[in-house]
Amino acid sequence: MEAASDRTPSNRPGMHKVCVVGVSGKLGRYLVQHALDHGYEVVGVCRAESVDKLGPIRDRITVVPGATNDRDVIQRAVAGCDGVLTVLVPIGRGHYSSGTAQAVLDLAPPGARLIFSSGWHITRDGHDVYPWKVKALVFAARLAKLTGRVNLDDQVEACRRIFTSETRWTLVRGSDLEEGESQGLPLWSRHVGDPLLKSNITRRIDFALFMVDALINDELVHEAPVIVGRKTPSALSHAATVNH
Ligand SMILES: NC(=O)c1ccc[n+]([C@@H]2O[C@H](COP(=O)([O-])OP(=O)(O)OC[C@H]3O[C@@H](n4cnc5c(N)ncnc54)[C@H](OP(=O)(O)O)[C@@H]3O)[C@@H](O)[C@H]2O)c1
């Protein structure tokens with residue numbers, strides 16, 4: 001499946017101000033870049049010690065420093081926002097991921113579009129069919145929980161809360177990521193295992209593009225799209241099949 005390409009902020013006037021939660025990471029900075037390119041006013045949340053990572057974009061956005069699972073921080077940051085883009089990472093202690101998701105779900109203005117990120121490993125309905133490489137990475141990540149830094153189970157809990165929420169959410173499930181110039185809007189499917197996704201690679205800049213585009217794509221409300229780069233071999237072969 002593919003998101004339509006004719007959506008622009010000018011034909012969806014309801015989207016003016018967006019918050020990026022987790023703005024200082026690699027994905028967060030791309031989210032800001034696309035949101036500014038779309039003409040949105042941007043508020044960003046990141047840990048105080050990470051504000052310096054923002055570089056020149058620091059001057060183009062409003063920054064609310066603090067932990068992303070701090071409800072007071074999120075309440076201030078999302079006030080007046082039409083959309084919230086949340087980088088959900090299985091990192092940190094004290095239910096960081098689920099606390100972040102819960103704060104956004106509870107405190108974003110009613111009716112706001114809420115877009116969250118995760119990896120392919122999150123399943124909504126159990127109908128995903130995983131390649132061995134993804135299974136191996138999940139196994140390794142669960143072992144890493146012993147270090148106290150990675151907590152995949154808490155990200156799973158965060159997503160469970162999103163899936164049962166009545167807010168206008170979308171969870172974008174990213175493939176393996178790489179850096180590089182944009183290839184355009186990724187293609188998507190509802191389930192891992194779809195041949196379309198076989199290449200399992202997306203440019204990080206395009207993961208962010210998909211999330212920002214989802215703000216004004218109502219077809220993605222209450223969906224958990226699994227994405228893949230649009231110029232990858234599996235996406236190109238899917239496009240060739242569709243065109244014949
Ligand atoms: N990496 C991949 O290959 C991959 C693949 C598929 C999907 N994804 C998904 O893509 C999204 C972004 O992942 P990414 O790997 O590209 O990372 P990223 O964008 O660089 O973001 C990492 C985030 O983790 C935060 N963080 C790091 N250490 C932390 C700590 N101790 N406590 C609290 N927060 C901490 C960072 O905040 P600071 O700036 O404050 O450190 C930053 O916001 C995630 O949702 C991930 O599940 C990633």
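Valine 228 has 27 C-beta neighbours inside 10 Å, and since 20 or more is enough to count as buried, that's what this residue is. Keep in mind that we're looking at a predicted model. Valine 228 sits in strand E10, which covers residues 226-228. So who does valine 228 touch, once neighbours within four places in sequence are left aside? The contacts are Ser175, Pro186, Leu187, Leu196, Leu197, Ser199, Asn200, Thr202, Ser234 and Ala235. Have a look at tryptophan 188 too: it is 40 residues away from valine 228 along the chain, yet the two C-alpha atoms are 6.3 Å apart.

Now for the ligand. There are 22 residues around the ligand, and the ones that come nearest are Ser24, Gly25, Ser50, Gly92 and Gly174. By class, this shell splits into 8 nonpolar, 10 polar and 4 charged residues. Two elements that each put at least two residues into the shell are helix H1 (26-37) and strand E5 (113-119).

Helix H1 is a handy bridge to the next topic, helix packing. Two packed helices can be described with a pair of numbers, the angle between their axes and the distance between those axes. For H1 and helix H6 (residues 204-214), the axes come within 8 Å and cross at roughly 55°. That angle makes H1 and H6 oblique to each other, and their crossing is right-handed. On the H1 side, the contact is built from Lys26, Leu27, Tyr30, Leu31, His34 and Ala35, while H6 brings Arg204, Ile205, Phe207, Ala208, Leu209, Met211 and Val212. Sort the residues of this H1 and H6 contact by class and you get 10 nonpolar, 1 polar and 2 charged.

Next, pick out helix H3 (residues 96-107) and helix H5 (residues 152-163). The crossing of H3 and H5 is right-handed. H3 makes the contact through Tyr96, Ser97, Ser98, Thr100, Ala101, Gln102 and Leu105, and H5 through Asp154, Gln155, Glu157, Ala158, Arg161 and Ile162.

Notes: Residues are numbered from 1 along each chain as its sequence is written. This is a predicted model: local features need pLDDT of at least 70, side-chain atom pairs count only at pLDDT 80 or more; totals for chains, interfaces and linings use all residues. A residue is near a molecule or strand if its C-beta atom, placed from the backbone, lies within 6 Å of it. Helices (H or I, at least four residues) and strands (E, at least two) are DSSP runs, numbered from the N terminus. Ala, Val, Leu, Ile, Met, Phe, Trp, Tyr, Cys and Pro count as nonpolar, Asp, Glu, Lys and Arg as charged, and the others, Gly among them, as polar. A crossing is left-handed if the near helix is turned anticlockwise from the far one by less than a right angle, and right-handed if clockwise. Two residues are in contact if their C-beta atoms, placed from the backbone, lie within 7 Å. A residue is buried if 20 or more other C-beta atoms lie within 10 Å of its own, exposed if 12 or fewer, and partly exposed in between; C-beta atoms are placed from the backbone. Axes are lines fitted to C-alpha atoms, for helices over the stretch in contact, and angles run from 0 to 180 degrees between N-to-C directions. Angles under 35 degrees count as roughly parallel, over 145 as roughly antiparallel, 65 to 115 as roughly perpendicular and the rest as oblique.
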